[in-house]
Amino acid sequence: MGSGDCELHVLAVDDSSVDRAVIARILRNSKYRVTAVDSAERALEVLEMEPNVNMIITDYCMPEMNGYELLRRVKGSRDLREIPVVIMSSEYIPNRITRCMEEGAEDFLIKPVRPSDVSRLCGRLRN
Amino acid sequence: MDYVHLRRQAASLRKGLFDQGYLDEQFYQLEDLQDDASPNFVEEVVTLFFRDSARLMANIDQALDKCVKDFNKLDVYMQQLKGSCTSIGASRMKTDCSAFRECCRDENIEGCMRSFQKIKREHSVLRQKLESYFQLLRQAGPVECATRPNK
């Protein structure tokens, strides 16, 4: 690692292949290493196998386990709770945002996510 | 082959998509993400969009065919479709998806049917125009770049 860029590992979780492609592209352009998965269940499998995830960025609305539940599982785990979790949603629902932030989310982004959103996160992570 | 002419045609088609409201600013964001490392990114994302949207629309068709309409399920499908439209900047489709969701909230099945027919028409037109656009770009680009992305 030695550059000034964020060479961190981000786990991106989104059931939409379109959104997964876009967020992965934004993260890679920001010099993150990216693992992109299509479900919270798959994300938990990755977290179990891959110890060096620096941030999780997850969609809120997903079938089966949603982003909020994934957040709760991460924050409830002794091994995972320090990993920052960012939630993305296409809907602006204040109660949803409050609930996620109270559960320990690092940030809540309204889709479509922009490179400037990711730059802001990168800056906070590096500090 | 007259590459300049092809590029002009592609540019004109692209301008028309914005001027006529088919696409919005989000499409520019996708174009900004494209670079030498990912030279076909926009076309790849658009291809994903039309694959996923066709699947979602088939699900909605099936749900609308059922005798007992599940408005919650219809709304969930349409929320997913609207999300994808937002992500590629498909502005007209996004607006029509919102109209459909309003009809779901009102449990207005005729309204749902009408707006879904409109969504299908907009989807078909957008697909045709974007396919033409990317075909022109492929023809106009350097020979080594004029290849289809994997579907």
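1. A cavity, on a 1 Å grid over the protein atoms alone, is a set of points where a 1.4 Å probe fits but cannot get out; a pocket is an open set with protein on both sides within 12 Å along at least five of seven lines, and lining residues have an atom within 4 Å of a point. Grid points are joined across faces, edges and corners, and a volume is the space filled by probe spheres set on the points.

2. This is a predicted model, in which local features need pLDDT of at least 70 and side-chain atom pairs count only at pLDDT 80 or more, while totals for chains, interfaces and linings use all residues; side-chain values use heavy atoms, with hydrogens and water left out. Residues are numbered from 1 along each chain as its sequence is written, and chains are lettered from A and ligands numbered from 1 in the order in which they are written.

3. On confidence, the predictor gives the complex an ipTM of 0.86 and a pTM of 0.88. The average pLDDT (the predictor's confidence in each residue, from 0 to 100) of chain B is 91, and 93% of its residues score at least 70. Residues 143-151 of chain B stay under 50, and the model gives them eight contacts (heavy atoms within 4.5 Å) beyond four places in sequence.

4. Which residues line the largest cavity? They are D14(A), D19(A), V22(A), I23(A), M88(A), K111(A), P112(A), V113(A) and S87(B). The space in this cavity is about 80 Å³, and the count of cavities of 30 Å³ or more is one. Helix α1(A) supplies the largest share of the lining, three residues. Helices (H or I, at least four residues) and strands (E, at least two) are DSSP runs, numbered from the N terminus.

5. By class, the cavity lining has five nonpolar residues, one polar and three charged. Here Ala, Val, Leu, Ile, Met, Phe, Trp, Tyr, Cys and Pro count as nonpolar, Asp, Glu, Lys and Arg as charged, and the others, Gly among them, as polar.

6. V22(A), one of the cavity-lining residues, lies in helix α1 of chain A. V22(A) counts as buried because its relative accessibility is 7%, where buried means under 20% relative accessible area, exposed over 50% and partly exposed in between (1.4 Å probe, protein chains only). Beyond four places in sequence, V22(A) is in contact with L30(B), L33(B), F41(B) and V45(B).

7. The largest pocket has a volume of about 490 Å³. Its lining has 23 residues, and D15(A), D59(A), C61(A), P63(A) and Q80(B) are the closest to its centre. Helix α4(B) gives the most to this lining, five residues. The lining divides into six nonpolar, eight polar and nine charged residues.

8. A nonpolar core is a set of buried Ala, Val, Leu, Ile, Met, Phe, Trp, Tyr and Cys residues joined through side-chain atoms within 4.5 Å. The largest has 63 residues, and F100(B), L126(B) and L130(B) have the most contacts inside it. Helix α3 (residues 41-65) of chain B gives this core its largest share, eleven residues. A second, separate core of 25 residues includes M65(A), I87(A), I97(A) and F108(A).
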